[in-house]
Amino acid sequence: MRFGLFNLIPLGQTHAITAHSKDCEDFPQKGRISLTYTEMARSLAGFLVLVLVLVPVVSICEGASLFQPISDSHRSAALELFTLDHGSFESLEETYEALRTFQVLGMEKKPDVTAAACRFISETVGSSSSTPKDLLYALKANSIAECKIHEKASKGIISSLNAAVRGASSLLDFYYSVGGLVLIKDQSSKADIHLADAEGVFRSVKAFSQSDGRWRYSSNNPESSAFAAGIALETLAGIVSLASSELDQSLINTLKNDISKLFDSIEKYDDGTLYFNDKLVDGHDYQGPLSTTSSVLRGLTAFAASTTGNLNLPGDKILGLAKFFLGIGVPGDAKDFFYQIDALACLESNRVSIPLILSLPSTVLSLTKKDSLKVRVTTVFGSNAPPLAVKLVGAFSSGSKDASLVESQELKFDQVSGLHILNDLPESIDVGSYTFVFEVVLQEPEDEKVYVTGSQTKVPIFVTGLIKIENSEIVILDSDLGSIESQKKLDLAKKNAASLSANHLQKLRLSFQLTTPRGHAFKPHQAFLKLRHESEVEHIFVVGNSGKQFELVLNFLGLVEKFFYLSGKYDMELTVGDAAMENSLLVAIGHIELDLPEAPEKAPRPPPQPVDPYSRYGPKAEITHIFRAPEKRPPQELSLAFLGLTILPLLGFLIGLLRLGVNMKNFPTKPVPATFGVLFHVGIGAVLLLYVFFWLKLDLFQTLKILGFLGVFLVFVGHGVLSHLAAASAKLKSA
Amino acid sequence: MGRASSKEDAGTLFHSLRSAYAATPLNLKIIDLYVGFSIFTALIQVVYMAIVGSFPFNSFLSGVLSCVGTAVLAVCLRIQVNKENKEFKDLPPERAFADFVLCNLVLHLVIMNFLG
């Protein structure tokens, strides 16, 4: 999210540490106010949803935002981000980026970093197989580290770079070779380095441009980007500076047109910041808005430095680009950090226009402490601006479109601190959140060509103050007549111990008045009365207001059911809180003995209050299973007796058979049928035995399997013996 | 006089039944004995259940139905084997006996499964 810390109104807590320590004395006190509020917030959060903590700043006026120049927090972040990995950097590019960042931020050179850089540089410069890209970055790093390069080595570099220029075919080839030559010209003693055919090289680079202001990387690749445009501009600036004679002015003019076209494709965020972005075609080559904008700025300022005449770019575009880089805050990535710092360094001093940033050390002002409005106008790095005046042209309350609350007035400039100060806030500014509109006017007319300030800057301001709480009292009234039963005056500044009693036929009225320091009515975000029963059941009521008078009437007749018919002692607590209120309070008023009627059968029970907040998650009571009582079985003797009794009929059957005189005369005598007959009986016996086993231990499938075999066998032998018997009896019958 | 005559009549009836029964062939008598035996077994099981309650009801049913089932099959066999029965004149008694054996085996498989 682009809106960093600078766009929210902190309550004095989260500010970038500025270099101006004088303002730091304000911070501890501001911290105290916000701390009280956080304590309250923590206790409030226990039983209610916080309605609003911070007033939304970006309200009706679009673009109300605050940008801070680069400060010490950047310097300390740079130390953390740019560290040596095992005593050296990963690549020459990183070496250069680290050195450049430290140089721009004004941090003193660390010897180990410089030594590592020098090692890397001399290695690259000495080797004959270094590519132009390596040479370029080595020379860039050397321009900062200032390691010595041998004559022989520099001669070798010049010749290889010249060869590279002649053989260059893509934009990057030209960039590396021309850039390298420009740098070696400054660094070596030979001041006599020129491009052989400057105009020809210029035209070859210009051939990569497109009509919309973007540039291609090579003639084969149709993709164009603004990033490439930045590189091309830098290259062309280098060519111009290396040319031995004046280049054709028409070439420069067409280039100025290209730059204007490029600026037409600039994109915009809501808070007024501008940036360049390329379409995401191939993820690998995609440069984000940060690197693209940084590259364009580098190219632009390099080109402006190398040519005479004006580029005619609208100043507020430069200001928008400066705000883009400042709005990032402190990046967390070393590459992003470098892009930001490098681009801002280009903006700090360039020949196009130097942006001036209006910032405030503190956007939260206290009416109690009679804070004055302090404004600072500096360059992007916090350096002094030329003589100028800051005017407050308007102040608007957030959320209203009314006219300005103040008339246009100029802030006084304090030479010592470099701040523009408005000593007393006008009477029309009460507590709350506002948008102040400032205008910066340069005092020297020549400065208007060099610097750009922007037309009007909108800044969100938050004003706090002590709210007077008066006439606070709590009254018990009779419901029907309205006559006062008991009345207690309250002092809401400290804990009260009012003791009241009421029954369900009466009403409770709490009233107080809130007045702002300027004497107007004030509606806080939170005005609640909390009633807590001794059994920890709580009820919260909002205190409504009309103008300055705040009043809450609790008619117990209607609230009996809401209170779950719980009679007893209720503790009362009042909360009045707001971000603008320096004396937000959470105070105990006292307690009230409520006498409510008995709960009817179907009344809702109060929600159970956990004794220990974590007992809800503890182990529950153990469940003991009650198994079904086993059926009563008969005594074993009875069962055995009946078992015997069941055998009796069988015996009876056998005896009966004997009495009838059964015989086995029909059993076949011939051997084959005889065996069949025997096997038949054996088979039946086997089946019955199988059934016994089935009952004892086999399962149905096994039984069926065996039964299948036995059955087939039985059918076979049975058929055999029975057909023999049938044939025998048929013969007997016919005979 | 009526009472004495009814008693006499009962006695005469009983004697005539007995003598008629003695004329039945032996194999039919064997089957009758078998039927009597299995019904008697079933009765004993019912008496047992009446005493101790029907807790494993499936076992009770299994036992009783086994007896009753086999009695029913035996009755069927008797019908088919009886020479005086004109309906089954062409059915050889061995075939009826084979059916009886097969049905009994199937019945007892089911009974054993249901016994539990």
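This is a predicted model: local features need pLDDT of at least 70, side-chain atom pairs count only at pLDDT 80 or more; totals for chains, interfaces and linings use all residues.
1. Overall make-up of chain A. The secondary structure of chain A consists of 18 helices and 25 strands. Of the 735 residues in chain A, 46% are buried.

2. Sequence range of the contacts in chain A. Taking contacts between residues at least 6 apart in sequence, 71% join residues at least 24 apart.

3. Helix 3 and helix 5 of chain A. Helix 3 covers residues 92–104 and helix 5 covers residues 132–145; the two pack with their axes 9 Å apart, at an angle of about 25°. An angle under 35 degrees counts as roughly parallel, so helix 3 of chain A is roughly parallel to helix 5 of chain A. The crossing of helix 3 of chain A past helix 5 of chain A is left-handed.

4. Residues in that contact. Helix 3 of chain A contributes Leu92(A), Glu93(A), Tyr96(A), Leu99(A), Arg100(A) and Gln103(A). From helix 5 of chain A come Lys133(A), Asp134(A), Tyr137(A), Ala138(A), Lys140(A), Ala141(A), Ile144(A) and Ala145(A). By class, the residues of this contact between helix 3 and helix 5 of chain A are eight nonpolar, one polar and five charged.

5. Helix 2 and helix 3 of chain B. Helix 2 of chain B runs over residues 26–52 and helix 3 of chain B over residues 57–81; their axes come within 9 Å and cross at roughly 165°. Angles over 145 degrees count as roughly antiparallel, and therefore helix 2 of chain B is roughly antiparallel to helix 3 of chain B. The residues of the contact of helix 2 with helix 3 of chain B comprise 17 nonpolar, six polar and two charged. Helix 2 of chain B passes helix 3 of chain B with a left-handed crossing.

6. Ser62(B). This residue sits in helix 3 of chain B. Ser62(B) has a relative accessible area of 0% and is therefore buried. With neighbours within four places in sequence left aside, Ser62(B) is in contact with Ile111(B), Phe114(B) and Leu115(B).

7. Lys155(A). Helix 6 of chain A, residues 151–166, contains Lys155(A). The relative accessibility of Lys155(A) is 48%, so Lys155(A) counts as partly exposed. Ile184(A) lies 29 residues from Lys155(A) along the chain, and the C-alpha atoms of the two are separated by 9.7 Å.

8. Glu536(A). The backbone deserves a look here: Glu536(A) is not a glycine, yet has a positive phi of about 75°. Glu536(A) belongs to the loop of chain A between strand 20 (526–533) and strand 21 (538–542). Glu536(A) counts as partly exposed because its relative accessibility is 47%.

9. Tyr565(A). A positive phi also occurs at Tyr565(A), with a value of about 60°, although this residue is not a glycine.

Technical notes: Residues are numbered from 1 along each chain as its sequence is written. Chains are lettered from A and ligands numbered from 1 in the order in which they are written. Side-chain values use heavy atoms; hydrogens and water are left out. Axes are lines fitted to C-alpha atoms, for helices over the stretch in contact, and angles run from 0 to 180 degrees between N-to-C directions. Helices (H or I, at least four residues) and strands (E, at least two) are DSSP runs, numbered from the N terminus. Angles under 35 degrees count as roughly parallel, over 145 as roughly antiparallel, 65 to 115 as roughly perpendicular and the rest as oblique. A crossing is left-handed if the near helix is turned anticlockwise from the far one by less than a right angle, and right-handed if clockwise. Ala, Val, Leu, Ile, Met, Phe, Trp, Tyr, Cys and Pro count as nonpolar, Asp, Glu, Lys and Arg as charged, and the others, Gly among them, as polar. Buried means under 20% relative accessible area, exposed over 50%, partly exposed in between (1.4 Å probe, protein chains only). Contact means heavy atoms within 4.5 Å.
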